[in-house]
Amino acid sequence: MIQAVFSHGGVIDPQTPIEDFWPFTILTIVKMVVVFTVYMVGVALLTFAERKISAWIQDRIGPNRVLWKGFGQVLADGVKNFMKEETYPEAAYKALFILAPMLAFVPAMVTWAVIPFASPLPTRWGLMSMAVADLPVGFLFTLAISSLGVYGIVLAGWSSNNKYALLGGLRSSAQMISYEIAMGMSTVCVLLLAGNVNLNSIVEQQATQGWNVVLLSVAFLVFFVATYAETNRLPFDMPEAESELIAGYHTEYSAMKFSMFPISEYANMVTASALTSLLFFGGWDIPFTTWDNVPPWTTLKTIVTLGVFAIKVIFFLFTFMWIRWTLPRFRYDQLMSLGWKVMLPAILAYVVIIAGTLLGLDAAGIARSSRAFTGILFGLNLACVGVLLFVLDRGRLLSPAQSRLKSAELSRLRQVASRSTLAPVTGD
Amino acid sequence: MHTDLPLLFTFHFYLFGVLAVASALLFVTRKSPVSAALWLVNVMFCLAAEYVMLDAHFVGVVQILVYAGAIMVVFVFVVMLLNLGHPSETSDFRSKGTRLAAGAVALLLAAEVLTLMRQPWPQLASPDVPDNVVRPVAQTLFTEYLLAFEVTSVLLLVAIIGAVTLAKRGTQG
């Protein structure tokens, strides 16, 4: 916290952390500016990516007019939003009405302060950690800050003084509280394995034991579903269900204030993707090699691991969009019962199973970094996922639609199909 | 008073202290319940900042996670659910006697703080930040204070059951 304000007399080893005050401060400021810029540009480009990907999924072309291949669309949208008139509803609580869009956006961005996005970089002043602030409580920090995201939406809904906006805000707070519990419980498993709340030590743990997605598959599934609910993305975008609530919590917003809500949604997506890859897909770790995890640290390692982390984050961002344009929206009661009656009991049972297994393995003297440890946990997870799918599915989702019909009914339908003129002509 | 700390540190420490007290005052004087709740969230943040500056990272983060992120969200949720939006409906009707009693308690607390400040403060935790900040807390919580911890969890369970019972009685009656 308090850095010593003196400089070294001798030569500094680039493999030890930076200790001097001024290099530390200046490099931290540089990191802040770089992360902020990349993040903002990335979020802006995501709005374009969403439109292009939705077009691709729906077999359209998408925006393709402004500048090269339509990439200028982002700029055009930005200019449009800034030029539009801002309206304030007469009955709105003005101070909170203005504050709400900012509160929605800031938490998503602040989370990035602790996310390590590459292996440490050696500089002439010492080893620079590739996270803006490598806090000892990094992981808890991300949980704490992400739990604040709900304020923006709730206050937007309340301060608009509009029934639809209020309903959207209420739905959102209920949804976020519900899924936060399941999300928190799923990360308990990660902490059980890592034994520390520092994000870099979670990356280290996955480098030695294997990625958490194979060691804690059920926790990953629950976390993955919960992030969709937390970011209000389809199939969980109840707070802004157009067919029921007009536009939900941002009904009364216009111009750039309205635009802040979609922007904060994309910002939340980036953060959620980064957390998913960090907690369950090894962060900046490259699989099947330890080259990137051991000193001496080099600039090449930093660049390669940064690329690996970026690929993982972009993949999850694509998944967010892919799912949005594939699945329909949940009904509100289904959403609540999935959160409370399926995910929470499942993850509670899973925490007990994992804790018991770890206790047993430690008692049996199997080292945590050994292949046997990884193998046993992987086998256990295969069984758990199998049981979970069997219980959840009950022959409805994974099995083909025709299995819902009785076999007699099915053969009758097939006969009808074969007799009709629409049936494909076979043979000559 | 410590004199060996950098000026920047001392300045920020007092800055957050002043902000916390100011926000707390605003919290008790605002008439709109939602604004009051938000000022309380601000108090939590300032306190968290103070904890972090005292190298108690874990307490600071838990302060935000539990109070600002969970308890206050539920408060705001309930305020919105009842739609206690209009200050005229929710203004304070407490008597002069209650206010005098509250003032007396505040004076008592201030006297207590002043007395405690004159005492030498016992050094409880080691001054350097350990590698794993959760371990020291967990170690004492699950060995020395295990009974108290478990009793507290039973207490919370009782509260949950009580809430469910009250809600059930409401729907049947």
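User: How should I read the way two packed helices lie against each other, and are helix 4 of chain A and helix 3 of chain B roughly parallel or roughly antiparallel to each other?

Analyst: Two packed helices are described by the angle between their axes and the distance between the axes. Helices here are DSSP runs of H or I with at least four residues, strands are runs of E with at least two, and both are numbered from the N terminus. Axes are lines fitted to C-alpha atoms, for helices over the stretch in contact, and angles run from 0 to 180 degrees between N-to-C directions. In this predicted model, the axes of helix 4 of chain A and helix 3 (residues 57–81) of chain B come within 9 Å and cross at roughly 20°. Angles under 35 degrees count as roughly parallel, over 145 as roughly antiparallel, 65 to 115 as roughly perpendicular and the rest as oblique, and helix 4 of chain A and helix 3 of chain B are therefore roughly parallel to each other.

User: Which residues meet where helix 4 of chain A and helix 3 of chain B touch?

Analyst: Two residues are in contact if their C-beta atoms, placed from the backbone, lie within 7 Å. From helix 4 of chain A come A:Leu140, A:Phe141, A:Leu143 and A:Ala144, which meet B:Val61, B:Ile64, B:Leu65 and B:Gly69 in helix 3 of chain B. By class, the residues of this contact are seven nonpolar, one polar and no charged, where Ala, Val, Leu, Ile, Met, Phe, Trp, Tyr, Cys and Pro count as nonpolar, Asp, Glu, Lys and Arg as charged, and the others, Gly among them, as polar.

User: How many residues does each chain give to the whole contact?

Analyst: Chain A gives 23 residues and chain B gives 22 residues. On the side of chain A, helix 4 (138–146), helix 5 and helix 6 each supply at least two residues, and the largest share, five residues, comes from helix 6. That side of chain A has 19 nonpolar, four polar and no charged residues.

User: Is A:Phe139 buried or exposed?

Analyst: A residue is buried if 20 or more other C-beta atoms lie within 10 Å of its own, exposed if 12 or fewer, and partly exposed in between, with C-beta atoms placed from the backbone. A:Phe139, in helix 4 of chain A, has 25 other C-beta atoms within 10 Å and is therefore buried. Leaving aside neighbours within four places in sequence, A:Phe139 is in contact with A:Val197, A:Leu199 and A:Ile202. The C-alpha atoms of A:Phe139 and A:Asn196 are separated by 8.9 Å, although these residues are 57 apart along the chain.

User: What is the value of phi at A:Asp59, and where does A:Asp59 lie?

Analyst: Most residues other than glycine have a negative phi. A:Asp59 is not a glycine, yet has a positive phi of about 60°, and lies in the loop between helix 1 (21–57) and helix 2 (73–83) of chain A. A:Asp59 counts as exposed because 6 C-beta neighbours are inside 10 Å. A:Asn161 has a positive phi near 55° and lies in the loop between helix 5 (149–159) and helix 6 (163–194) of chain A; with 17 other C-beta atoms within 10 Å, A:Asn161 is partly exposed.

User: How should I take the numbering and the confidence limits?

Analyst: Residues are numbered from 1 along each chain as its sequence is written, while chains are lettered from A and ligands numbered from 1 in the order in which they are written. Because the model is predicted, local features need pLDDT of at least 70 and side-chain atom pairs count only at pLDDT 80 or more, whereas totals for chains, interfaces and linings use all residues.
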